[in-house]
Amino acid sequence: MAKNHNSAASAVGERRLRPIYDWLDHGNNKRAWQEAEKVLKKQPDFPCGRALLALALVRLGRDVEAQRVLRDLAHTGPTEDATLQAMTIAYRELESVADICRMYEIATQKEPNNEDLLSHLFMSYVRVSDYKKQQRTALQLFKVQPKNPYYFWAVMSVVLQASADPQGTTAQTLMFPLAERMIKKMHEENKLNREQETHLFLLVLELQDKYAEALEILESPLGKALNESTSYLHFFNFKKLEYLKALKRWPDINRLAQTILVSLPDQWNVYVDLVESVFELEALGTLNTSLDIISNVDLLFKYLRTIQSSDIRSRGPFLAEMEVQLRMIQREPTRPELMTGLQTLLYHYFDTFSSRGCCFSDMRPYLEHLSQQEADILIPALKLLSLVPPQETFIPMGAVTRLVSCYQVLRFCEATRPISMDEHVDLLVSQFNLCQGAVLDVAPTESRPPDMFMVMAAHQLWSEWRNTGQDRWFLKAITLLEFALQFSPNNFHIRLVLIKLYNEAGAVGCAFNAYNGLELKHIQLDSMGYLIIRALQICGHFESTFSLVGSTLRFFNSNQKDIVDHIISAYRFGSFDKIREFVKLRDRLANSQHNLSLKTERILLDLLTETTKHAQTVQMMSYLEVDPNQDEIPWEKLVDNRDFQVSVSWEKSEILKPETIKTDFQDDQNFLRLRSLCLRVCVALIYLSEDIHPAREILGEEPSNLKVNHPNDTSTNAKPSQVKAEKLSALVRSLIAQIESVLESLQIEGPAPVFLTGPCPTRLHQYVLQGHPQTFVRMVKAVLSVQAFILARPGNTQHGSHNLLEDESPLIRALAVFRDEFEPMVARTLKDFPDFAVRCLNRRLHLENLYNVIESGNFCCLLWGVCHSLLIPVLKGGSGTSGKRSKKKKEQQQPKSPLSSASIDEANVGENYRHQFNTTQQSLVEAMSSLTTFTHGLRPTNHKAAAAEVEAAAVATSAAASLASSTEQLAENLEKLSLANKEAMKNGSSSIEGTTFEEEETQAGEFNTSHGSTRPADEPLQYQTLRELPLDLCQRIEDSYEVSFSQFAGLLERKVSYLRALTL
């Protein structure tokens, strides 16, 4: 009877909960909440109903109520699966994953032998990365149900414990040996029956550098079974080769590499190991006692040529031959015949593979070792191989790629240096024009080989622009690139160069259009985000900045949750080798310097753009709940995830060295350190002047201990407590000392270097050279002086009155610091800011300087607001109050007895202080207003003269003129092909392989729309010629500058209003 009663009650409960689940699934959270309330009125102690009520409250945004419901429910210790699952979802949406662990801990205490509950408890520990508790729970699971997966969950948890501290002694002496013993125990009992368990065994041995034992496992029956069952292609041989290399068993490496190359003749890493083994055997003086070992270079050459003759399509043996030759040159640099041999090999490689797009990148590591004289000998031979007969009207695609490869080698070897810049660019443009007939049927979604001619021309023009500063080189470069982009909108090489060109000219609006065309997603937001975000911010395109920063931070936040789900899935499926990869990826993204920098800059940008009065700043700080006492950035773990390999370069001087990347990364880290410290200082000072919720939690004070201090509250009881003031003042002094320490450690001699194919210029150099952090430090010290002045006046003591009556009191000197720091900074900006119409070069630098001044002005406003809040309770009742209320208060406070002369003097001095404060405030307002007027006066540059020069050059140059006329013919040909496709589609076919007419038309329409033009669907495709582009591009650049100037002027106007409101 009891069983039937429970079953009936469960059915009733499920029927009552069904509407709640339905409303939650449909997103109607209000109805779900109402239904849950109805259920709980009938059954107040219904656990699942309460859990669903909490979930509905979370999704309604009523987090406090939801947390209260969940807390009360958790104390009852529910064990039903439906209740626990609903609570888990609610906790995850509240981002309180630690509460999930506590919930399942209570449940397993009630039912310690419940396999499902223990499994959920283990996964909850996975979410918080508590590896020790994972191990304990997994072993408890194994005792309840002795299954292999549970046991190896425990082993993997031990491995992760050791991996979390790889440099510690515990990992090598305790944790890894423990994991090894645990697996060996299963191995001895013949219980290693899954592929992933053997992988884990090998992993544990590798982490201890026990390669000999790992090799024994591979050669044992267990390893042979792994070779037969593994899902990884060629895993067994590659893993064995790795172990042999670690053990330096060169003869065995030699034999195994030859075995692998029989089935994989194009496997480059195996060739590298084979070449290394031969040179090591030669160095050891090993005699060729076995016919299956290649023990010297002559035999190696013979072996490689045998593979070449049997498989002409594989690049591996040809590259290996050049690698051998290069190592021989490095071993014996005095033998000139070796270099001649390398030249011959390069020639043959070019002859064989120059029709492939990878030819230049394959040859580049070996071309770097040629002297200029040796390169001059090689180049004419390559030109002959790439020669196109002038009478040819149609060039095959292979010949086009060969020609592109030849010019890439010419550019890299600097073989074109005697030619003038105009002649060289015209030559590249003419080659681009010559090859157009071969790529007419290439879909717009694919990159076209001739596009590299335009990219090479742009690289040359960039160098000339940087050297001469003449705008015509910049305009010519962007004209050529934008022209090529019309036909290859998905060519990322073109877009990368365009972004760098526009950024350096300060035209970030155009750069952002080019960046959007890259369509970066997911992890690319981290690896390639450096391209544009910094430039958008310093050039004042705040709407685009917020959009891009928001999408990037959303990726980082969601990624942390998604990776945890992947780790849990890997545990469930037993993919132990993937767990470490997911953990590394999670840590790498969590510690990405780009991620942490964006979080800091987002808050500072909000303070700059979203606050128009001090009360808004206080409200924002209260909402963000930043803890100034905690440095949340793991400085020792920061990683650089930027990808610089995606950019192509043909100049040896542009080769990005690891030292350059490391220096830039360190500069960005120092800048992040300064910005983080400045933010924490501002937060601490806000907490010092205002009684807001986060400050109470940080200081450990109860809300009743402090009274809310509103900006306009003149009550003496609203003064912050002395304990709070002392704690926060000490914290600010400590942070200021850290800023000064960072500044002392810097060695900055000039502007940051600018790279076309490297990192974007760091902001650290200009920020420090202009003295912005130093100015911030001095203003903060002034605020601390104001606070010290206030603390030195406890009532009407003799010491306090003496300070108040001094002619040169600390307060007056402190207030004067703001004027003395900010006014000269504005004056320098107005004096030194160049004429924006002079040239495009370094406009990014000038806009950055202006942005830094505006941001320092924002810090000045914030700190002045802190001073204002601190002084209101002290200097109450002065001219700052207005109207009848002030008069009434004065009448009520009028003493009945005559005042003493000391009281009168102190009242007069207090009035003088108010006058001094308001006078200084007025000076700051005037300085900010003058900067606002100056910014309003900035106007976009008129590039029409330079554009006309570029246009005239395009018409006057025969090659460019030919291209301009042929462009019209090219567009006409494309239109004919499109019409032919449209006609063919009526018959159910398409003449362009892989692209329908509708798709092509849609893509072209999207391109035109992205550049501000619209075209009806039935209108023919339109392409701008080189004659039309310059003026159009100049207009786009001017529009970008207009956005920058208007945004800066609007910011300054808001900061003027901010300052004007701060009057005593």
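The model is predicted, so local features need pLDDT of at least 70, side-chain atom pairs count only at pLDDT 80 or more, and totals for chains, interfaces and linings use all residues. Residues are numbered from 1 along each chain as its sequence is written, and side-chain values use heavy atoms, with hydrogens and water left out.

**Salt bridges**

Side chains of opposite charge can pair when their charged atoms come close. A salt bridge is defined here as a side-chain nitrogen of Lys or Arg within 4 Å of a carboxyl oxygen of Asp or Glu. The search of the whole structure finds 53 salt bridges.

Select Arg59 and Glu93. Their closest N and O atoms are 2.9 Å apart, and the two residues form a salt bridge. This pair links distant parts of the chain, for Arg59 belongs to helix H3 (residues 47-59) and Glu93 to helix H5 (residues 81-93), 34 residues apart. Helices are DSSP runs (H or I, at least four residues), numbered from the N terminus. Arg59 has a relative accessible area of 32% and is partly exposed; Glu93, at 37%, is also partly exposed. In these terms, buried means under 20% relative accessible area, exposed means over 50%, and partly exposed lies in between (1.4 Å probe, protein chains only).

Next, select Glu180 and Lys184. Both residues lie in helix H10 (residues 169-188), 4 residues apart, about one turn of the helix. Is Glu180 buried or exposed? Glu180 counts as buried, at 5% relative accessibility, whereas Lys184 is partly exposed at 32%.

Then select Arg335 and Glu337, which form a salt bridge with the closest N and O atoms 2.9 Å apart. Glu337 is partly exposed, with a relative accessible area of 43%, and Arg335 counts as partly exposed at 31%.

**Helix H15**

Finally, select residues 250-263, the 14 residues of helix H15. At 1.5 Å a residue, helix H15 should span 20 Å, and its end C-alpha atoms are 21 Å apart, which agrees. The expected span is 1.5 Å times one less than the number of residues. The buried residues of H15 include Trp250, Ile253, Leu256 and Leu261. Among the elements that cover the buried residues of H15 are helix H14 (235-247), helix H16 (268-284) and helix H17 (297-310).

Technical notes: Helices (H or I, at least four residues) and strands (E, at least two) are DSSP runs, numbered from the N terminus. Contact means heavy atoms within 4.5 Å.
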